[in-house]
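Me: Could you walk me through how the two chains meet in this model? I'd enjoy taking it one question at a time.

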Amino acid sequence: MSLAIIDARQWQRVFDLRTGAGVEKRTPLLKMVMDIQSRRPYPGDLDDSGNRWVTDTALDLIEGYDPSFVFLTYARQFFIGRYSVLTDGEWAGMVSSVFEEVNRFVARSGFTPLIVGTGAMMPFADFIDVTRLDGLVLSTHWSARYAGLHEGSARDLDYLAARPEIERIVSRDDFRRLFSDCGGDNSRIPEYLLVARPGYMFRTVGGAFRRVRRVPAPAYTIPVSAEWGGVSSITGIRRLVAEEIHRRKIALIVVEGLGVEDFPWSHQGCENGRDWFYYEPSDAQYLTLTTGRHQVFEYPTGYRYFQEDAEKKEYPLSGYFTSIPENTIASSLGVRGIAVGNRSMLMHMAPGADISIECFARNLFNQGTMAVLHGTEGI
Amino acid sequence: MIDFISRDQPGFQNPAYLDIKEVFMQCAYCEWRCELGDGSPGVCRMYIEEKGAIRERFPNLWSSCIPSRVESVPFYHAWPGSRCLVIGTAGCNFRCRYCSNSFVAKQDPAMVREGMIELTPKELIRRAKQLGCHSIVFNVNEPTVSLPSLLGVAAEAREAGMPMGCLTNAYTTEESTEMLGSIFSFFNIGLKGLSDTFNRDYIGIPSAGPVLRNIRTLAKLGHVEVTTPVIESANDNELEDIARFLADVDPLIPWHVFRLLPEDEMKEARYPDIDAIAGALETIRGYLPHVYFHNFVGSDWVNTVCPGCGATVIERFSLGCGGDRLISCHGRGNRCPSCGGEIRLLGEKVAWNAGEGRS
């Protein structure tokens with residue numbers, strides 16, 4: 001059983017993560033986590049102290065749970081970069097600030113870091129308007145490069161093929177073939193995957209939008225920094241941790257919005273996809289990192305996510321996730337693990353840590369924090 | 001006389017409104033009654049005077065066009081479990097200090113148009129069908145600032161058999177309130193507070209008088225639910241007075257009391273005390289039974305309880321501003337499963353995927 005603790009500021013409730021049913025029990029472990037949530041309210045995605053909250057909360061949780069593996073995400077610079085006009089100097093300051101937090105965490109915790117950047121950002125160039133096609137084009141909120149086309153007509157395909165801002169149109173079969181060795185459920189893939197050129201973003205039907213200033217830049221390789229070794233692919237990071245975890249305490253630290261170009265620590269570039277496909281910061285990238293195998297099909301960009309949102313959908317606090325991903329890094333290392341970060345539901349779903357604390361923010365609206373305890377002894 | 005001219009429907013006029021008399025291009029859409037002319041777009045910045053007519057500046061441009069659970073809007077007593085297409089435009093005639101959508105509602109609409117979606121009413125309804133939606137709901141900002149476009153959407157929606165609802169602040173003139181009633185059949189009206197001081201300081205309007213008047217009018221024209229965001233030490237002392245007013249209009253009006261989510265100019269404000277507000281609402285349920293308290297994750301106060309016997313009839317789960325969802329309807333139709341008493345609902349439960357394949 002997995003439990004979720006919601007802290008909406010001065011108010012806490014415990015739920016069964018799968019069903020959403022209220023849970024009354026309060027074990028010492030639950031109380032320890034609830035106390036941390038009470039002490040550490042999330043300041044907000046764009047707040048100056050958004051990344052400091054990650055460090056402080058993680059340090060508190062280490063003190064309370066004594067884990068050997070920590071998964072952290074620092075994402076504030078990604079949110080700010082996406083929606084703010086920043087000079088180069090301001091962006092450099094943002095990068096410097098996040099690494100001060102990484103350094104503070106490492107110095108205070110004594111954990112050995114393995115740091116991964118999810119890919120750089122670049123100025124937004126323009127929209128590719130696909131809202132008036134015969135077919136339906138869907139994308140996800142944070143994606144710029146990819147969108148899915150459903151029920152597209154021949155006229156749609158002609159129109160899309162003539163758009164210079166579109167890099168390629170990939171049929172479902174071709175997309176499956178590219179990752180044919182990776183298995184997994186691929187029933188959600190749209191008929192066509194549309195791929196934008198760098199800087200462009202698909203304008204699809206969607207929610208109320210803030211003005212976008214930056215989008216993910218091409219990230220065929222991403223930076224990885226570890227003092228004990230290197231990897232050639234994002235799928236190898238999990239193994240790198242597993243091989244070392246019984247010799248030292250390791251913190252796998254994900255820094256969003258940073259690529260090989262602006263990564264300030266010594267690092268290696270590792271492959272972040274395959275052929276023409278690279279991951280944007282997303283659940284697919286996180287799940288690939290934490291499971292050690294490509295996860296492009298699980299919740300692919302442009303799938304009809306809303307069809308699965310019926311009443312009684314399980315995991316109501318976990319967004320579009322319909323189950324807890326299996327064989328994730330923290331769930332299979334055989335040591336105590338925690339996860340903390342300001343990338344909402346990815347924290348309790350992707351690493352599979354015993355205990356996670358995440359911001360409960362949606363579309364930048366700050367509603368508090370959520371902790372999740374996955375089948376941990378003592379819950 | 002106002003005539004409505006949109007880019008896609010040149011010279012479009014709605015016969016229902018040809019009798020609205022106007023003097024010197026005074027806008028008659030909302031109670032600000034702005035003088036439009038010389039390029040001035042008025043308070044909402046969505047209308048201008050052009051060649052002796054009041055014209056919509058950005059017809060058929062939508063800031064939002066996304067499928068959503070109807071409970072997320074929120075509508076708790078209209079077609080439970082159904083999927084609606086949430087649409088919105090830009091601009092607003094209020095200046096709420098805590099506005100959650102200020103990046104659309106308070107910005108100059110000319111500045112946000114780059115990110116908006118252009119769809120004619122016909123295209124919008126086609127998208128709604130493709131997305132398997134049962135209804136269209138205007139959310140995000142205030143529908144009064146885009147009425148000509150919405151008249152066009154309503155005509156198409158009617159033809160498609162698709163009901164329309166909206167969130168509105170109801171700061172409309174009597175004439176445009178009637179117009180709202182012709183477009184929409186279900187409303188969630190924001191009644192932010194009663195006192196002039198509160199309305200001046202937090203909402204930017206002189207008085208809630210027109211809103212109260214229009215709640216009474218719209219309650220006669222369609223299905224009405226009401227939402228009040230609670231701001232500690234600002235309007236929390238008015239909860240009982242608001243409840244008494246609503247009970248006088250109709251004791252079965254569903255009332256959504258929102259815990260303020262501090263945003264925009266009030267980002268640093270305290271999050272209101274949940275237990276204190278919940279306690280204050282308890283006695284109110286004696287005369288206004290459908291009182292809900294939410295806008296925070298995991299709220300305990302989102303279920304519909306039978307006013308007759310107290311049995312839980314509809315269960316929901318609240319994800320705060322992330323959207324509420326239906327868990328289960330226990331009643332048969334709109335009847336309490338325990339005592340058989342009627343629960344007032346507009347329509348009946350609609351299966352989430354009922355509209356799939358409509359296109």
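Me: How many salt bridges are there between chain B and chain A?
Reply: Happy to start there. A salt bridge here is a side-chain nitrogen of Lys or Arg within 4 Å of a carboxyl oxygen of Asp or Glu. One pair that meets this way is R132(A) and E118(B), at 4.0 Å from N to O. Between chain B and chain A the count is seven.

Me: Which element gives the most to the side of chain B that touches chain A?
Reply: Helices (H or I, at least four residues) and strands (E, at least two) are DSSP runs, numbered from the N terminus. Elements giving two or more residues to that side of chain B include α3 (121-130), α9 (274-284) and β4 (64-69). With five residues, the one that gives the most is β4(B).

Me: Before we go on, what kind of model is this?
Reply: Residues are numbered from 1 along each chain as written, chains are lettered from A and ligands numbered from 1 in written order, and side-chain values use heavy atoms, without hydrogens and water. Local features need pLDDT of at least 70 and side-chain atom pairs pLDDT 80 or more, while totals for chains, interfaces and linings use all residues, as the model is predicted.

Me: How many residues of chain A are in contact with chain B?
Reply: Contact means heavy atoms within 4.5 Å. On the chain B side, 52 residues take part, and they are in contact with residues of chain A numbering 45.
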